[in-house]
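Dear colleague,

Please find below the structure that I promised to hand over, with my notes on what was found in it following directly after.

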Amino acid sequence: MIPREPPRQPQIGFVYYPPFRVQGMSIAGEATVVQVPELDVCFDIGKCPRMALASPYVALSHGHMDHSAGLAYYFSQRQFQGMGVGTLICHPGLEEPIHNIMRAWVNLEGQQTPYKVVPLAPDGELEIKNNIFLRAIETIHTASSQGYVIIERRSKLRADLIGQPQEKLMELKKAGQAITRTIDIPLVCFTGDTMWGSHFDRPDLLGAKILITECTFVEPEHRDRAAVGRHLHLDNIIDLLDRSKAEAVILTHTSRRTNMSETRRFIDAKIPPEHRSRVHLLMDSRANRARYAQQLQTLDSVKST
Ligand SMILES: [Zn+2]
Ligand SMILES: [Zn+2]
């Protein structure tokens with residue numbers, strides 16, 4: 001008798017929400033890595049699938065192995081493939097443990113891998129692209145944790161000066177007056193692992209166009225598990241949908257205790273119809289394929305008209 005084939009790897013999840021792609025892998029306790037290629041960032045690194053290497057920044061939510069295991073490999077492969085030194089952004093409490101891991105690899109390998117760690121305290125910001133800032137947001141989990149919001153910072157003419165002639169504006173500027181104001185547009189938020197708390201009242205989290213949130217448990221009997229592990233439950237997501245202005249809410253970190261078709265069933269039954277179309281499950285490859293095929297088709301029909 002011929003033995004069975006080895007089990008297949010789960011597929012990389014993919015939600016295209018123009019102009020951003022959200023792609024990666026996120027299964028509770030196994031691996032979480034969520035990349036937005038257009039913003040140069042990977043949220044968490046999971047086991048470092050090949051696609052993650054293309055991001056020059058990794059924003060780590062916390063140190064649990066399913067989110068951080070691939071770190072040293074990420075730095076090493078970026079170096080090996082000539083992609084430049086990778087940068088890791090993390091909670092200040094994790095900076096030293098990460099240096100320790102990298103030191104351990106020097107001893108193991110007998111060679112040094114270049115890497116960069118940037119500690120970012122909650123509400124701290126780092127400019128990752130021109131006018132694009134990564135902001136850390138405090139969350140609550142069983143280990144030191146934080147989520148992130150990516151902000152686009154634009155400079156706009158002061159509201160009271162709109163319609164004024166150019167000469168007047170130049171005059172004010174010469175006189176040392178600020179004629180512009182800064183506005184922050186939250187583009188993408190990634191909560192990382194977290195329980196429900198006051199961070200879900202934050203305007204930057206609620207205003208993000210794309211909200212990537214964990215939803216570890218969906219079954220009513222799993223509410224206790226969510227509380228013990230300091231995770232979110234589908235019930236929290238329903239509250240969140242009422243508040244969030246996000247055009248796309250992408251659920252990640254679902255538990256294997258409930259399979260994908262069951263998870264989809266719970267979501268369809270619980271989420272009010274007015275919110276259903278903006279909720280996506282990162283690891284629902286069937287729905288992802290169908291949505292993408294639909295997007296391609298729409299593009300084709302636009303081209304041919
Ligand atoms: Zn996790
Ligand atoms: Zn965790």
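**Metal sites, cysteines and a helix pair**

The arrangement around the zinc ion (ligand 1) is irregular, because its four donor atoms subtend angles of 87 to 169°; four donors count as tetrahedral if all angles lie between 85 and 135 degrees, four count as square planar and six as octahedral if opposite donors are over 155 degrees apart and all others between 65 and 115, and anything else is irregular. This is a predicted model, in which local features need pLDDT of at least 70 and side-chain atom pairs count only at pLDDT 80 or more, while totals for chains, interfaces and linings use all residues. Residues are numbered from 1 along each chain as its sequence is written, chains are lettered from A and ligands numbered from 1 in the order in which they are written, and side-chain values use heavy atoms, with hydrogens and water left out.

The donors to the zinc ion (ligand 1) are Asp 66 (OD), His 67 (NE2), Asp 193 (OD) and His 253 (NE2), at 2.1 to 2.4 Å, where donors are N, O and S atoms within 2.8 Å of the metal (3.2 Å for Na, K and Ca), and sites may look incomplete because water is not among the atoms. Asp 66 lies in helix H1 (residues 65-68) and His 253 in the loop between strand S13 (248-252) and helix H8 (260-270), so the pair ties together parts that are 187 residues apart in sequence; helices (H or I, at least four residues) and strands (E, at least two) are DSSP runs, numbered from the N terminus. Both Asp 66 and His 253 are buried, which means under 20% relative accessible area, with exposed being over 50% and partly exposed in between (1.4 Å probe, protein chains only).

The zinc ion (ligand 2) is coordinated by His 62 (NE2), His 64 (ND1), His 141 (NE2) and Asp 193 (OD), at 2.2 to 2.4 Å, and its site is likewise irregular, with angles of 90 to 167° among the four donor atoms. Asp 193 coordinates both zinc ions, ligand 2 and ligand 1, which are 3.4 Å apart. Asp 193 is buried, at a relative accessible area of 3%, whereas His 64 is partly exposed, at 27%.

As for the cysteines, the structure holds zero disulfides, a disulfide being a pair of cysteine sulfur atoms within 2.5 Å. The sulfur of Cys 48 is too far for a bond, because the closest cysteine sulfur, in Cys 42, is 7.7 Å away.

With regards
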